[in-house]
Amino acid sequence: MRRCGGSGDRRRARGAQAREISLKPVPFAYVKPSTLSQVHQLLDSCGEGARILAGGQSLMAALNLRLAAPKLLIDITGLAELAGIRVVGDRLRIGALARHREVEISDLVNRYAPLIAQAMPHVAHPAIRNRGTFGGSIAFADPAAELPACALALGAEIEIAGPAGRRRLAAQEFFVSICETALQPGEVVTAVEVPMLAPGFHSAFDELARRHGDYAIVGLAAHGCCQSGRWRELRLAFFGAGPKPLRARRAEACLVGANLNAAAIAQAKSDLAKDLDPFDDIHATAATKLHLAGVLLERVALRLAQ
Ligand SMILES: Cc1cc2nc3c(=O)[nH]c(=O)nc-3n(C[C@H](O)[C@H](O)[C@H](O)COP(=O)(O)OP(=O)(O)OC[C@H]3O[C@@H](n4cnc5c(N)ncnc54)[C@H](O)[C@@H]3O)c2cc1C
């Protein structure tokens, strides 16, 4: 017969207490709502004390390091309306809860947004891609992350749901600074919509990282249309080269309409210093990053033109 409160229970309780003390994050409450309106109510009532939990691949690390200490975690993975990948009109809609792995193996992504398909194997490692979500990466807005730069290069729109309703923001307006976005208190990213690949357009992606799967030191997501050796349109979105993903507009202007030759590429590379805003970190100096951005520009521009 098992006796409640016996010495065994006390030992277990002491063990549990010891385990509680050794927990890495500050204690938090957890809730898993099933509708967006419940999420908005919870965010409204808890304010700054609540955080949304999606794949947990960035947030849990922040909690364990005590860089974040929310009182309440709102797990949104039960919201069916944020899931899935589908075509809507002339756009590809990637639900905020689509896992990186789901995006990586999606035929729709491969066909209609090949830039994202090319980038996906560079996003972290397989175990992290199994849990991390597309919307989580967009909302987290790490300046060295691949997917925000892809969204910028493709002219994607971020769909946001808040207590007052839904709104859409161009990627260009959504990313504000290091891990900072235009999301307002109480708002949730619900999906990212990407224009489907138009005839004549191509994408190319490359990054330089210490090890495959690490965050990039510098990376480039490029999308454009090249006809008879001349660029008709070109978008160059660099990441790891500033506080947010950055379009290299001067470099783009050098290449669009010009013959794609060594002189045009050299001019575009020299203009990167005005377009980008890299900073020193433990991996590389700003000067090294600028040099690497030029290396990527040349590689990617030539690959795209082919
Ligand atoms: C070892 C390691 C290596 C990694 N390497 C890379 C890499 O190379 N490239 C890369 O891009 N990423 C990398 N990541 C991060 C990974 O891609 C994460 O999955 C991603 O950044 C966040 O997605 P998530 O679903 O896990 O979000 P979570 O960790 O759950 O949330 C991250 C933040 O976004 C908020 N949030 C999440 N979803 C939403 C939403 N729908 N609306 C509003 N706010 C939301 C959360 O409140 C939280 O503040 C790495 C992670 C680890 C642990």
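Modeller: A crossing is left-handed if the near helix is turned anticlockwise from the far one by less than a right angle, and right-handed if clockwise.

Biologist: Handy! So which is the crossing of α12 and α13 here, left-handed or right-handed?

Modeller: The crossing of α12 and α13 is right-handed. This is a predicted model, where local features need pLDDT of at least 70, side-chain atom pairs count only at pLDDT 80 or more, and totals for chains, interfaces and linings use all residues. Residues are numbered from 1 along each chain as its sequence is written, and side-chain values use heavy atoms, leaving out hydrogens and water.

Biologist: At what angle do α12 and α13 pack?

Modeller: About 145°, with the axes of α12 (residues 262-275) and α13 (residues 286-305) 9 Å apart. Axes are lines fitted to C-alpha atoms over the stretch in contact, and angles run from 0 to 180 degrees between N-to-C directions.

Biologist: Which residues make the contact?

Modeller: From α12 you have Ile265, Ala268, Lys269, Leu272 and Ala273. Helix α13 brings Leu290, Ala293, Gly294, Leu297, Glu298 and Leu302. Contact means heavy atoms within 4.5 Å, and helices are DSSP runs (H or I, at least four residues), numbered from the N terminus.

Biologist: New topic: how many residues of α9 are buried?

Modeller: Nine of its nine residues, so α9 is largely enclosed by the rest of the structure. Buried means under 20% relative accessible area (1.4 Å probe, protein chains only).

Biologist: Which ones are they, the buried residues of α9?

Modeller: Glu146, Leu147, Pro148, Ala149, Cys150, Ala151, Leu152, Ala153 and Leu154.

How values were computed
Buried < 20%, exposed > 50% of the residue type's maximum accessible area, 1.4 Å probe, protein only. Helix = DSSP H or I, 4+ residues; strand = E, 2+ residues; numbered from the N terminus.
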